[in-house]
Amino acid sequence: MKKSFYVLPILGLLFFTSCDKDESNEIAEEAIVESIDLEKDLYDFHKDIMITSDGGSEAIMRVYSNSEAAVASYTSEHFKLVETFKNETLSEGLIRQNIKDDSDVSLEQEEKEMTEFDTKENAGAGIAFKMVSVTKRNPNANYSVSFYHPENIAKSWSYWTHYSGIGQTIATIDRHSALRRVYFGLKRKAYSTSGWAIHVSEWRFLANGNSYSLTANTNYQFRFRVKSKRSSAYTVNFSN
């Protein structure tokens, strides 16, 4: 009887030790946005696509559009989840992972902003994207997405919108293709009740190999608009 009395606490201790060990091996998962998806009200169709990084992390990229065919045209092949370390810039991370060539950084003067402004002011125009969750193998890494859109056969201008998660305070865009001209604009909401404030007017030219970044300590949400004539090659990062 005494032996049973001593064995039970030991078994209980082993059980809890095992649970702690299992929990320590779990992969950190981070929700990027609120459970209420504000963008769903702006678009008729959406779908979620699982994308992975070279390091084994996974993320869910949500694609929105008013065209069902446009949403259906996207697969995991059109995105790459990029891990960057805390002590490196997005550009440095892209070079390290051979997504960007450090010899391609342009020193030319920036083109003048285009005068052909987008007449589709409503946020629901074109195709939009938002990372809604990420499962991290490396909890100390930042996560960005490189976009390789389906080819525009008509070779006319294409427009893409990129939404940050709620409360993210840093927005960065980096171009890494010498063959694809990229133009962008950036807006943000300081608070949930704020309107969209313009920080970069559409359309600012992003020279090859260059990047643009904005940090806003008080921020509710960012919105990049990107314009290119063909399948572009650029990376977007939203982080804290």
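This is a predicted model: local features need pLDDT of at least 70, side-chain atom pairs count only at pLDDT 80 or more; totals for chains, interfaces and linings use all residues.
Biologist: Why is Val-71 called buried?

Modeller: Val-71 has a relative accessibility of 5%, and the word buried applies under 20%, so Val-71 counts as buried. The residue lies in helix α2, which spans residues 68-72, and, leaving aside neighbours within four places in sequence, Val-71 is in contact with Phe-45, His-46, Lys-47, Val-63, Tyr-64 and Ser-65. With one of these, His-46, the separation is 25 residues in sequence and 6.4 Å in space, C-alpha to C-alpha.

Biologist: What makes Asp-48 and Arg-62 a salt bridge?

Modeller: The term requires a side-chain nitrogen of Lys or Arg within 4 Å of a carboxyl oxygen of Asp or Glu, and the N to O distance for Asp-48 and Arg-62 is 2.6 Å, so the pair meets the criterion. Asp-48 belongs to strand β2 and Arg-62 to strand β3, 14 residues apart. The whole structure holds six salt bridges.

Biologist: Why is Asp-48 called partly exposed, and why is Arg-62 counted as buried?

Modeller: Partly exposed covers what lies between buried, under 20%, and exposed, over 50%; Asp-48 has a relative accessible area of 41%, and is therefore partly exposed. Arg-62, at 13%, falls under the cut-off for buried, so that term applies to Arg-62.

Biologist: How do you know that Glu-202 forms a salt bridge with Arg-225?

Modeller: The closest N and O atoms of Glu-202 and Arg-225 are 3.7 Å apart, and because the limit is 4 Å, the pair qualifies. Glu-202 sits in strand β10 (residues 197-206) and Arg-225 in strand β12 (residues 221-228). Glu-202 is buried, with a relative accessible area of 15%, and Arg-225 is buried as well, with a value of 4%.

Biologist: How do you know that strands β2 and β3 pair?

Modeller: Pairing asks for at least two bridges between the strands, and eight bridges join β2 (residues 45-52) to β3 (residues 58-65), so these strands pair, and they run antiparallel. Ile-51 stands opposite Ala-59 in β3, and in the hairpin of β2 and β3, with five residues between the strands, Gly-56 takes a positive phi near 95°.

Biologist: What makes β4 and β11 edge strands?

Modeller: Each of them, β4 (79-84) and β11 (211-215), pairs on one side only. The open sheet has five strands in the order β4-β6-β13-β8-β11, with antiparallel pairing, and its neighbouring strands are turned by 20° against each other on average, direction ignored. Within this order, β8 (residues 170-175) is joined to β13 (residues 234-239) by six bridges, and the bridge partner of Ile-170 in β13 is Ser-239.

Biologist: Why is Asp-174 called buried?

Modeller: Asp-174, in strand β8, has a relative accessible area of 0%, and is therefore buried, the cut-off being under 20%. Leaving aside neighbours within four places in sequence, its contacts include Leu-90, Lys-100, Asn-210 and Tyr-234.

Biologist: Which residues have the most contacts inside the largest nonpolar core?

Modeller: In this core of 34 residues they are Phe-79, Phe-129 and Ile-173. Strand β5 (residues 127-136) gives the largest share of the core, four residues. A second, separate core of six residues includes Trp-157, Tyr-183, Trp-203 and Phe-205.

Definitions and conventions. Residues are numbered from 1 along each chain as its sequence is written. Side-chain values use heavy atoms; hydrogens and water are left out. A nonpolar core is a set of buried Ala, Val, Leu, Ile, Met, Phe, Trp, Tyr and Cys residues joined through side-chain atoms within 4.5 Å. Buried means under 20% relative accessible area, exposed over 50%, partly exposed in between (1.4 Å probe, protein chains only). Helices (H or I, at least four residues) and strands (E, at least two) are DSSP runs, numbered from the N terminus. Contact means heavy atoms within 4.5 Å. Axes are lines fitted to C-alpha atoms, for helices over the stretch in contact, and angles run from 0 to 180 degrees between N-to-C directions.
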